[in-house]
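Me: I have a chain open on my screen and would like to go through its fold with you. Can we start with the terms and then work down to single residues?

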Amino acid sequence: MNKEINYEEIKKLNNPLLIDMRSETEHEGAKIIGSVNFPILNTEEHKNVSILYDSGEVLESKKEAVKYASDRLPEFFNFIADNAKEKDIVLYCSRGGYRSTAPFYLLNSLSMGVYKLKGGYKSYRKYIMKNLEEYSKNFKFINLNGYTGVGKTKILKELEKLGANVLNLEELASHRGSLLGNLEENIQPSQKDFEALIENKFESFSGKYVFVECESYKIGKLFVPKTLHDSYYNDGAQVLVTLPIDKRVKNIKDEYVNYDEHFKKSLSKSLEELSKFIGKKRVAKYKELIDTEEYEVIIEDLIKNYYDISYKLKNSGYDFTLDNSSPKESAKKLIEKFMQ
């Protein structure tokens, strides 16, 4: 097998298992989607070797690397032996250097054929960014606009059930994109992993139309790639989703509110961060309402005095306006309008 392959070739393998030979920290920061981490040098070891190498002590850095790696080889060999019969194993490191090359040649010399990703993670990153640029320009987007609580995400979920292409950016970002979205304390992916998840989602699509919610550039700590944002925001078909305020209040309450003490503390903390926008007096009033669990009053006031003011809707230019009293019916109408 003794072969270096690029990422396009990996996608053609029957049952690939990608093994990231980089340190834990590198893997956590950015990885190939679906890969597993088996660091040939852990974070501290890689740091020590890099310091020696960067200071000009190349031979000493290699000696240290060999010493660290040798302690891990028995475990690594057993891992490969357990998986080699069922999967096409592909090793990768940062740039296709020594951390994947040495294990690659060792395993092949022992007749345990594996592949190696040419160019390592860096080549995968180039692949992702190139494809994202092309997908952003080549797909036709149907962009759902609307104030907080109108149920845009509910429509996206119904569209998925009908087999439509749906790019749910909040789901991929592990963040619901609003003040209350911060309450869940989800761990967001890194920016690079977020972009890889978007690209991976595009690869699953068939046809040319993609439904997307009108997200701003920033979702939590992450940023939507500019070309993609500009494509759905400026060039896509624009849909305005509407809903009466009482139903918006209910949607928000049903989606976010629970009655335990942790929720109350998290909500109070998030509201304090809004004091510069809505004033300390209003925040103090909200806290009193939290104590009495009058969440509908808080939500309605936030809608009127924060959400609808800060959320910038387009003034005109909508291709379709949709009352979302029934997300299931809304999804059917969108399919009929744009895909038939």
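Reply: A term first: axes are lines fitted to C-alpha atoms, for helices over the stretch in contact, and angles run from 0 to 180 degrees between N-to-C directions. Contact means heavy atoms within 4.5 Å. Helices (H or I, at least four residues) and strands (E, at least two) are DSSP runs, numbered from the N terminus.

Me: And what sort of model and numbering is this?

Reply: The model is predicted, with local features needing pLDDT of at least 70 and side-chain atom pairs counting only at pLDDT 80 or more, while totals for chains, interfaces and linings use all residues. Residues are numbered from 1 along each chain as its sequence is written, and side-chain values use heavy atoms, with hydrogens and water left out.

Me: How many helices and strands are in the chain?

Reply: The chain has 16 helices and 12 strands. Its C-alpha trace spans about 70 × 50 × 35 Å along the principal axes.

Me: What is the strand order in the open sheet of five strands?

Reply: The order is 7-8-6-11-12, with parallel pairing. Two strands pair if DSSP finds at least two bridges between them. Strand 7 (166–167) and strand 12 (320–323) are the edge strands, each pairing on one side only.

Me: How many bridges join strand 6 to strand 8?

Reply: Five bridges link strand 6 (residues 140–145) and strand 8 (residues 209–213), and the two run parallel. Leucine 144 stands opposite glutamate 213 in strand 8.

Me: Which helices lie against these strands?

Reply: Helix 7 (residues 152–161) packs on the sheet and touches strand 6, strand 7, strand 8, strand 11 (237–242) and strand 12. The direction of helix 7 makes about 155° with that of strand 8. Helix 10 (residues 226–235) lies across strand 6, strand 7, strand 8 and strand 11, at about 70° to strand 6.

Me: Which residues of helix 7 are buried?

Reply: Lys152, Thr153, Ile155, Leu156, Glu158 and Leu159 are buried in helix 7. Buried means under 20% relative accessible area, exposed over 50%, and partly exposed in between (1.4 Å probe, protein chains only). Just after helix 7, glycine 163 has a positive phi of about 90°.

Me: Which residues take a positive phi although they are not glycines?

Reply: Serine 174 is one of them, at about 55°, and glutamate 293 is another, at about 60°. Serine 174 is in the loop between helix 8 (169–173) and helix 9 (191–203). Glutamate 293 lies in the loop between helix 14 (280–291) and helix 15 (295–310).

Me: Is serine 174 buried or partly exposed?

Reply: Serine 174 counts as partly exposed because its relative accessibility is 26%. Glutamate 293 is also partly exposed, at 32%.

Me: Changing topic, what does serine 190 touch?

Reply: Not counting residues up to four places away in sequence, serine 190 touches Gly29, Ala30 and Leu222. Serine 190 and leucine 222 are 32 residues apart in sequence and 7.6 Å apart in space, C-alpha to C-alpha. Serine 190 lies in the loop between helix 8 and helix 9, and its relative accessible area is 17%, so it is buried.

Me: Back to the whole chain. What percentage of its residues is buried?

Reply: Buried residues make up 47% of the 340 residues. Among contacts between residues at least 6 apart in sequence, 73% join residues at least 24 apart.
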